[in-house]
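Work through the exercises below with the model open. Try each task before you read its solution.

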Amino acid sequence: MRIHEGAFERVALRCGSEQRTYRQLIDVVKSKVNELDRLACIRKRVVVDLPDSFTMLEWVYALWQRENSLLLLDPRLTAAEKADRERMFRPEAGVSVQNGVASAAFGVFSPQVDAELALYHVEEQISQTESPEQDALIQFSSGSSGIPKMIVRSKHSILAELEDYATEPYSPGTDSMVLCLVPLCHSFGLLSSAIHTLSHGGTLVFPEMLKPGIIMQTIVEQQITHVYGVAFHYQLLANEWDKQLETEHRWHPELRLLCSGGPFPETLLQTMLSRGLPVGQQYGMSEVGYIAVQWSGLPIGSVGSIAKRLQAEVTDEGELVLALNQSPYRFEQAQWVPHSGTDREAYAGGRLFTQDLVSLDELGRLYIGKRKNDQVSIGGLKVAISEIEQVLRTHPQIVDACVVSYEQPSSGTVLEAFVVSHEAAELAESIIKEWLSDRLARYKIPRRIRFINEIPVSPAGKIIRGVLLKEYCHEPAAAN
Amino acid sequence: MNLLQQIRELVRQARLFPQEVEVDDDDAPLLLDSMSTILLITSFEDKFGVNIDYRTVDLNSFRSIRTIEQLIASHVQEGVR
């Protein structure tokens, strides 16, 4: 993962008045590589627990230069969730905030943080199946069993993704000013936005704060050409475009907005289009990175054509399946099916069932439908409903639990939990929420928790979520 | 409409909860996620002309409608001084 070397004096990173030129960035990364060499931190499993920052990006580059395998922890995770991931990853070293914790409810961007590298004492040997120099990036996604899925991205897979991304029409290039509003611990922010931009000589800009006025000021003053966000960010900016039109300062005439992490609210999309602001869509998953992207915003609803590096098919049921050379998971997962003898040539490694129901138009452009499993997207982050149910059921006073999701005009997907408890009279909704907040990141905590006598099930024993949705979420008179 | 009522109204209008849910307990924990908090801060800033820096503000101030009222009241007072 190289940093562009064609324009050393060009600004590589900027946040408010803080900035790094390409020369400065390369020098800082070199100094961190020296520190890694001094501690012999080479080809190790390294956990990075830093808030989004220039510092974090510098460490990522340095650690990859020494072929380390990285786990980037989302600052929004609870201590318990971080510990779960570390237990599975078994880090041999870590980079964390000096004298502090990186926990930040907002995922606040800080240009620079005091970070320290520490080697851990690990008695066990690296298993034969792991090769840190190849397993460049480790990520976790919400698992339906309640156990997060450990996803491994090889260096080769990331390089192939970046090579492909560079060929996408309108993707950021040498002169681009790229505003990154999304977290750097996920593929969309780290690879598509940051690493891609910095490998092509563009300037990567971060807002000083996630406030509508400040983001708009950044877009106009910095003459931003590309914005990476999720629907929430564009919702936040909804009223700012008209305010800006009342001034004499304009945004860049070729400004392009990109949204990932779920469908864009239709009403907001129409509002944006009426102001001449097309919102492109990107679709991807942690297992493979980006799958399709279209920056043009057209045709509406499409996420563009499937990336060239990916071999894809759509099942009769409409599910998108990707053929990959190797499993993206460290441990066995139902959605990965290794090849069998008969289709060995067609699928060298196996098939990844994305669990997304899709359709393709006559020009091969992809449209994403519903999820086949119980995952929903909350603010661009995938959440398995069953994970929340599993956690709720471990509460000593909860007998059973069910979580439903539904769409709301302004907030997008909303989660609501139904619990059965013999001690409901003493167990307040607020107590359960507090209890959950120690175990789940805030975005996974249901907005409302209702007490019911029993979870409705079909004769086959399947939970009938539709009954709960209909009777409780949308008919208040019927609620307990 | 007093400050508490105005805040209650803004929280309700923000549609952070299902539309039919009344925000009737001013002391109940809201347990807002980061996006909801940012959206709410934006509406408070627009409504009351205050400036709240979510990077430095005590997040406990967003525990309930009552604590939000205390936060806004202190910011409004600071603005008056």
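**Exercise 1.** Find which residues L70(A) touches, not counting residues up to four places away in sequence.

Solution. Take contact as C-beta atoms, placed from the backbone, within 7 Å. The model is predicted: local features need pLDDT of at least 70, side-chain atom pairs count only at pLDDT 80 or more, and totals for chains, interfaces and linings use all residues. Residues are numbered from 1 along each chain as its sequence is written, while chains are lettered from A and ligands numbered from 1 in the order in which they are written.

**Exercise 2.** Name the residues that touch the most other members of the largest nonpolar core.

Solution. A residue is buried if 20 or more other C-beta atoms lie within 10 Å of its own, exposed if 12 or fewer, and partly exposed in between; C-beta atoms are placed from the backbone. A nonpolar core joins buried Ala, Val, Leu, Ile, Met, Phe, Trp, Tyr and Cys residues through C-beta atoms within 7 Å. The largest core has 133 residues. V48(A), W59(A), V60(A), L70(A), C180(A) and A417(A) touch the most other members. Helix α2(A) gives the largest share of this core, nine residues.

**Exercise 3.** Give the strand order of the open sheet of six strands in chain A.

Solution. Strands (E, at least two residues) and helices (H or I, at least four) are DSSP runs, numbered from the N terminus. Two strands pair if DSSP finds at least two bridges between them. The order is β6-β5-β3-β4-β7-β8, with mixed pairing. The edges are β6 (115–119) and β8 (149–154) of chain A, each pairing on one side only. Inside the sheet, β3 (45–49) and β4 (69–72) of chain A pair in the parallel sense over four bridges. R45(A) has S69(A) as its bridge partner in β4(A).

**Exercise 4.** How are α4(A) and α5(A) oriented to each other?

Solution. The axes of α4 (155–166) and α5 (187–200) of chain A come within 10 Å and cross at roughly 75°. Angles under 35 degrees count as roughly parallel, over 145 as roughly antiparallel, 65 to 115 as roughly perpendicular and the rest as oblique. The two helices α4(A) and α5(A) are therefore roughly perpendicular. Contact residues include I158(A) and L162(A) of α4(A), and L191(A) and I195(A) of α5(A).

Terms used. Axes fitted to C-alpha atoms, helices over the stretch in contact; angles between N-to-C directions. Contact = placed C-beta atoms within 7 Å.
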